[in-house]
Amino acid sequence: MRPLRIGIDARLPGGARTGGTETVVRGLAAGFSKLSDGDEEYHFLTCRGADQWIRPYLSGPCRVLEGPGLPWPAVQWIEIRIERGVGPQAGGAAWEKVRSLPERVKVPLCLSEGTIERAGLDLMHFTFQDGFLTETPTVYQPHDLQHLHLPEYFDAAMVLYREVLYRALCYQARMVAVASRWTRQDVIRQYGLAEDKVQVVPPAPMTAAGVAPSPEQLRAVRERFALPEEFLLYPAQTWPHKNHLGLLEALAILRDRRGLAAPLAATGYQNAFFGQILERARELKLEGQVRFLGVVSPEELSCLYRLCRAVVIPTKFEAVSFPLWEAFLAGAPAACSRATSLPEQAGDAALLFEAEDPEEMAEAIGRLWREEDLRRTLAERGRRRVAAFSWERTARLFRAHYRRLAGRRLEEADRELLEAPPPV
């Protein structure tokens with residue numbers, strides 16, 4: 001029997017803007033490259049001229065499958081008729097937004113232009129929200145359905161586009177992969193999918209977070225960013241749902257009511273919403289207390305996790321939090337919101353607070369800042385919690401699913417992975 005040929009969607013431009021989606025693809029590349037005990041081939045589908053970011057992570061059974069450049073060339077326009085007063089979740093905020101559109105709207109869906117078919121792939125894994133229609137069997141990984149829960153952060157056309165795209169790719173797929181039990185139940189409920197079609201495959205932190213920097217590297221990063229001796233860290237793009245505004249409110253409460261001016265270093269790509277964050281920081285007179293460092297390298301971020309006093313993750317919505325995993329791996333104590341899947345992910349290894357409650361957030365930050373024993377306890381729990389996760393394990397679990405979907409023989413290790421309850 002010839003090797004099982006798996007396509008892995010890596011049609012990303014690379015760089016800071018792609019955030020967690022690029023982290024997932026890089027992690028899969030690193031994980032699959034270590035699998036020398038099978039006869040599978042992993043073909044990473046890239047866009048012409050935009051694959052240098054992934055090539056360093058590919059070795060062993062992994063290779064590049066170059067497709068056309070961006071944008072993907074084959075598009076089918078689907079005309080959608082907007083019914084007034086009916087439809088999924090009638091009366092919900094997302095669908096009220098959609099019903100504000102004209103009665104007839106055209107939405108684009110991408111079609112395969114033949115690259116994966118010519119390569120003879122047995123299965124195509126769409127690793128992020130985008131994908132295309134194809135006769136090749138697929139695995140689809142939509143990550144989350146944020147547009148249905150926080151529609152205020154999307155315009156009506158984007159809500160409709162996501163719904164058409166996500167539903168089409170979910171219905172086309174042989175399997176829908178998600179990062180947590182919370183997301184699994186959400187996808188099943190929202191899209192009416194069969195329970196055995198939606199499977200949890202948890203991601204892992206990037207290994208760079210677990211590599212201890214040298215004292216010289218730590219000192220250089222502190223000097224480069226002019227960091228104080230003690231500070232809080234929040235690594236995230238400045239999307240509205242990442243809740244930098246709520247974090248600023250909590251810091252102002254701590255300063256004004258509790259006499260604690262805790263410095264904050266925030267990293268990540270600064271998108272269009274960043275201006276509103278800066279303006280709110282000025283209004284709260286936090287300019288001297290909060291530093292926005294922008295995009296940093298993985299090595300610099302690893303240093304920041306070890307230099308900070310604690311990591312704070314105030315996000316309002318998350319399929320899984322890579323900063324939380326990375327904090328655990330680096331031994332940094334953490335506090336995070338109770339949003340979506342985060343309580344499952346954190347377990348007893350982080351302080352929890354309501355994302356919409358700056359008072360409770362301030363209380364958690366204050367405890368982390370002042371209680372050394374608490375920081376030590378949480379850091380140790382975090383190390384133990386994240387120890388079970390690695391990209392090699394994630395890759396092995398995906399491989400077991402690929403073999404199952406393709407009707408290939410399963411090893412005993414495959415069956416054990418498939419039968420194990422998901423840890424998040």
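This is a predicted model: local features need pLDDT of at least 70, side-chain atom pairs count only at pLDDT 80 or more; totals for chains, interfaces and linings use all residues.

User: What radius of gyration does the protein have, and why does the value agree with a compact globule?
Analyst: The C-alpha atoms fill a box of roughly 65 × 55 × 40 Å along the principal axes. For 424 residues, a compact globule would have a radius of gyration near 22 Å. The value for the protein agrees with this expectation, because it is 22 Å.

User: What percentage of the residues count as buried, and what percentage of the contacts with a separation of 6 or more join residues 24 or more positions apart?
Analyst: Of the 424 residues, 57% count as buried. Among contacts with a separation of 6 or more, the share from residues 24 or more positions apart is 69%.

User: What is the distance between the end C-alpha atoms of helix α13, and which elements do its buried residues pack against?
Analyst: Helix α13 covers residues 358-370, and at 1.5 Å a residue its 13 residues should span 18 Å; the end C-alpha atoms are 18 Å apart, so the two values agree. The buried residues of α13 are M361, A362, A364, I365, G366, L368 and W369. They pack against β10 (232-235), α8 (244-258), β13 (310-313), β14 (334-337), β15 (351-353) and α14 (372-386).

User: How many residues of helix α10 are buried, and what covers them?
Analyst: Helix α10 (residues 298-307) is mostly covered, with seven of its 10 residues buried. These are E300, L301, S302, C303, L304, Y305 and L307. The cover includes α7 (215-224), β10, β11 (264-267), β12 (290-294), β13 and α11 (322-330).

User: Why is helix α15 described as largely enclosed, and which of its residues are buried?
Analyst: Helix α15 (residues 391-405) should span 21 Å with its 15 residues, and its end C-alpha atoms are 21 Å apart, which agrees. It is largely enclosed by the rest of the structure because 11 of the 15 residues are buried. The buried residues are W391, T394, A395, L397, F398, R399, A400, H401, Y402, R403 and L405.

User: Is I188 buried or exposed, and which residues does I188 contact beyond its neighbours within four places in sequence?
Analyst: I188 lies in helix α6 (residues 181-191). Its relative accessibility is 11%, and therefore I188 counts as buried, the cut-off being under 20%. Leaving aside neighbours within four places in sequence, I188 is in contact with L193, E195 and V198.

User: Which residues does A252 touch, not counting residues up to four places away in sequence?
Analyst: A252 is found in helix α8. At 5% relative accessibility, A252 counts as buried. Not counting residues up to four places away, A252 touches L284 and L286.

User: How is A30 classed by its relative accessibility, and what distance separates the C-alpha atoms of A30 and E392?
Analyst: A30 is found in helix α1 (residues 19-33). Its relative accessibility is 26%, so A30 counts as partly exposed. A30 and E392 are 362 residues apart along the chain, and their C-alpha atoms are separated by 7.4 Å.

User: Where does A226 lie, and what is its phi?
Analyst: A226 is placed in the loop between α7 and β10. At 54% relative accessibility, A226 counts as exposed. Most residues other than glycine have a negative phi. A226 is not a glycine, yet its phi is positive, at about 50 degrees.

User: Is T340 buried or exposed, and what is its phi?
Analyst: T340 lies in the loop between β14 and α12 (342-346). At 15% relative accessibility, T340 counts as buried. T340 is a residue other than glycine with a positive phi, near 45 degrees.

Note on methods: Residues are numbered from 1 along each chain as its sequence is written. Side-chain values use heavy atoms; hydrogens and water are left out. The radius of gyration is taken over C-alpha atoms; the globule rule is 2.2 Å times the number of residues to the power 0.38. Buried means under 20% relative accessible area, exposed over 50%, partly exposed in between (1.4 Å probe, protein chains only). Contact means heavy atoms within 4.5 Å. Helices (H or I, at least four residues) and strands (E, at least two) are DSSP runs, numbered from the N terminus. The expected span of a helix is 1.5 Å times one less than its number of residues.
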